[in-house]
Amino acid sequence: MNIITLIKISWRNVWRSKLRSFVVIMSVIFGILGGIIMIAISYGLNEERMNNAVDTYLSHIQIHNKSFSEDYNIKFKIDNLPQIEKAINNDDRVVSYSKRIILNGMLSNSNGSYSIQVKGINPSEEIKVTNTYEKIIEGEYFKSKRDNTILVGKKLADRLNLKIKSKVVITFQDENYDLTSLLYRVEGIFRSGNSRYDGANVFVRNLSITKNLPNFSGFHEMPILLTDIELRDEVKNELIPYSSNNIVEAWDDISKDLAYANEMLAAVLYIFMMIILIGLSFGIVNTMLMAILERKREIGMLMSIGMNRYKIFLMICFETIFLSLVALPFGLLSSYFIVEYYSVVGIDLSVVEAGLENFGVGTRLYFKVPDEQYYIVAIMVFIISIISSIFPSLRALKINPVEATKTF
Amino acid sequence: MIETKNLSKIYNPGKFEVKAVNDVNSLFKEGEFTSVVGPSGSGKTTFLNCVGGLDNPTSGDVYIAGENITRLSGSDIIQYRLKNIGFVFQSYNLIPVLSAKENIEMIMLLQGIDEKSRRLRTDELLNQVDLYEMKDRRPSELSGGQQQRVAVARALASKPKFILADEPTANLDTASTSNLLDIMSKLNENEKITFIFSTHDQRVIDRARRVVTLEDGKIVSDTKK
């Protein structure tokens with residue numbers, strides 16, 4: 001008997017009890033659907049978090065002075081900046097860049113003081129690199145003619161009860177470690193979607209700093225936006241030789257937690273998917289055991305007339321595998337369409353807005369499933385179905401043809 | 001030729017022993033049309049199970065064409081059954097998902113016979129059991145008698161030397177029984193296939209040319225007509 005005939009018999013056997021097979025197939029379809037939607041939500045959240053971080057403050061690459069990352073003294077400025085700018089300006093892979101003065105200090109008003117990082121920016125440059133200007137929920141993004149205006153995050157504004165035009169004082173150490181204070185007036189309040197960021201970062205014009213620090217010139221941070229995030233390592237490596245005093249980092253070097261989250265996510269999702277499929281496999285095994293019990297006489301007859309154990313084993317294996325394989329395309333297709341739909345439309349999660357902001361993501365979740373995940377899920381289902389087929393097949397082999405057929 | 005020598009099958013040996021077959025010596029020659037009869041529990045089915053190599057005797061030997069089949073290993077006995085013995089079951093035991101034609105063909109598929117030969121043999125057998133017109137019907141679309149005729153055709157598919165049939169007419173009405181016996185008699189006469197039935201059915205016993213009677217696992221009479 002060739003394998004085609006065995007497959008044909010097995011296939012027809014699957015449909016002998018249509019309702020039972022349908023129930024098992026539906027359970028596998030929903031298992032796949034549930035697993036892939038879980039993957040879609042997880043990847044969507046992570047992607048949203050990563051994009052939010054890249055668009056709001058990280059960019060694809062950042063350049064700092066090596067010592068600045070350790071000391072945060074404003075004297076540690078980016079080295080060889082003109083040459084770096086020249087290289088970047090001639091690089092087609094670079095979309096835009098900006099130059100920031102970074103001050104680590106305290107922001108105070110009559111309601112209290114909070115530790116913050118001040119980003120001294122050129123607004124016209126900055127809007128090409130980050131999207132804070134889109135996140136203004138009150139006031140405006142540096143439209144005032146005054147130099148000493150400040151943008152604060154919503155969380156910080158709430159903490160210090162800041163309104164538009166409220167006055168705040170920023171205190172920081174200058175190059176000589178002497179305390180310097182600058183007065184600002186709130187021009188805008190932003191909400192980035194990451195409440196931790198909103199509570200610890202403010203934006204001012206870099207002119208407002210340099211005017212008050214006559215001996216200071218230069219920049220501490222240079223965020224660079226590329227045409228494609230995947231080019232980050234390539235461009236980074238080309239910028240490193242411009243100065244040994246600088247440190248050039250890609251977004252995943254700077255924000256290790258985001259980078260690890262990506263790696264961890266894949267591993268965790270495989271574990272969850274495997275748990276779902278193992279749960280399903282018990283249903284498949286149970287169904288097949290029932291089918292074997294019902295067909296004990298028939299299997300006994302096949303053994304009696306000369307079908308060997310190997311073929312009986314294969315026949316039951318094929319039946320079990322078919323149950324999963326029938327479900328697989330329906331599960332994958334239904335998942336694909338649902339994921340595609342919600343990757344465009346998104347799901348409104350504003351009911352858990354506060355929690356999501358703490359996590360660094362917005363309130364609309366867009367599904368995302370990398371293509372390879374569909375292949376991996378398909379392979380996992382196939383492997384699980386093969387494993388599920390072993391136990392029922394072994395049970396079938398234990399049938400005694402004499403007892404099963406009752407006559408012969 | 002089938003020969004049993006001191007064939008015994010004892011269930012629960014040592015405790016509550018049941019001697020289903022008790023030291024049976026018998027000989028069935030090629031071309032015989034034999035009924036094995038006896039009351040319920042006389043050991044007819046167990047005897048045929050041992051002769052057909054489905055059950056292992058507790059002691060004794062079964063020789064088929066000079067070969068001691070009780071000495072064959074598990075896989076060898078399966079191959080032996082496939083090539084040399086045809087089985088007809090009381091409850092037909094056809095595969096419900098296959099058509100009449102496919103049920104017959106399956107034995108030949110197991111034997112690895114090529115497609116052309118299979119098709120010719122299947123058509124020939126369907127004609128012999130007068131079911132050619134119903135070849136594409138599944139068992140559920142056939143009557144009991146028709147199903148049993150398919151089962152006979154299936155048993156014949158591998159051109160076995162012997163057909164062992166346990167109560168083949170037990171579930172059939174008079175017309176179907178008569179029709180089935182006509183077919184089997186014709187096959188026995190024309191193709192010299194040896195038939196051994198276990199049966200209670202007087203209609204079968206009447207058509208048999210030899211009647212072996214078992215009681216308590218022993219042959220108590222062996223009559224040739």
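Here are some questions and answers on a predicted model with chains A and B.

User: Hello! How many helices and strands does chain B have?

Analyst: Happy to start there, and please keep in mind that the model is predicted. The C-alpha atoms of chain B fill a box of roughly 50 × 40 × 30 Å along the principal axes. Within chain B, the secondary structure comes to seven helices and ten strands.

User: What is the radius of gyration of chain B, and how does it stand against the globule rule?

Analyst: For 225 residues the globule rule gives 17 Å. The value for chain B is close to that, so chain B is as compact as a globular protein of that length. Its radius of gyration is 17 Å.

User: What share of the contacts in chain B joins residues 24 or more positions apart?

Analyst: Let's begin with burial: 48% of the 225 residues of chain B count as buried. For the contacts, those with a separation of 6 or more are taken into account. Of these, the share from residues 24 or more positions apart is 70%.

User: Where chain B touches chain A, which element of chain B gives the most residues?

Analyst: The contact brings together 25 residues of chain B and 20 residues of chain A. On the chain B side, the elements giving two or more residues are helix H1 (44-51), helix H2 (74-84), helix H3 (100-111) and strand E7 (162-166). That side divides into 14 nonpolar, seven polar and four charged residues. The top contributor, with five residues, is H2(B).

User: Which strands are at the edges of the open four-stranded sheet in chain A?

Analyst: The order of this sheet is E2-E10-E1-E11, with antiparallel pairing. Its neighbouring strands are turned by 20° against each other on average, direction ignored. An edge strand here pairs on one side only, and that holds for strand E2 (94-97) and strand E11 (246-250) of chain A.

User: Which residue of E11(A) stands opposite A:Asn65?

Analyst: Strand E1 of chain A, residues 61-65, pairs with E10(A) over three bridges, and there A:Gln62 stands opposite A:Pro223. E1(A) also pairs with E11(A), in the antiparallel sense over five bridges. In E11(A), the residue opposite A:Asn65 is A:Asn246.

User: Which residues make up the covered face of E11(A)?

Analyst: Helix H9 of chain A, residues 232-239, lies across E1, E10 and E11 of chain A, and runs at about 175° to E11(A). In a regular strand the side chains alternate between the two faces of the sheet. The uncovered face of E11(A) has A:Ile247 and A:Glu249. The covered face has A:Asn246, A:Val248 and A:Ala250.

User: Is A:Leu58 buried or exposed?

Analyst: A:Leu58 lies in helix H2 of chain A and touches A:Ala53, A:Trp251, A:Ile254 and A:Ser255, leaving aside residues up to four places away in sequence. A:Val129 is 71 residues from A:Leu58 in sequence, with 9.4 Å between their C-alpha atoms. A residue counts as buried if 20 or more other C-beta atoms lie within 10 Å of its own. A:Leu58 has 22 other C-beta atoms within 10 Å, so A:Leu58 is buried.

Notes. Residues numbered from 1 in each chain as written. Chains lettered and ligands numbered in written order. Predicted model: local features only at pLDDT ≥ 70, side-chain atom pairs only at ≥ 80, totals over all residues. Rg over C-alpha atoms; globule rule 2.2 N^0.38 Å. Buried ≥ 20, exposed ≤ 12 C-beta atoms within 10 Å, placed from the backbone. Contact = placed C-beta atoms within 7 Å. Nonpolar A, V, L, I, M, F, W, Y, C, P; charged D, E, K, R; others polar. Pairing = 2+ DSSP bridges. Axes fitted to C-alpha atoms, helices over the stretch in contact; angles between N-to-C directions.
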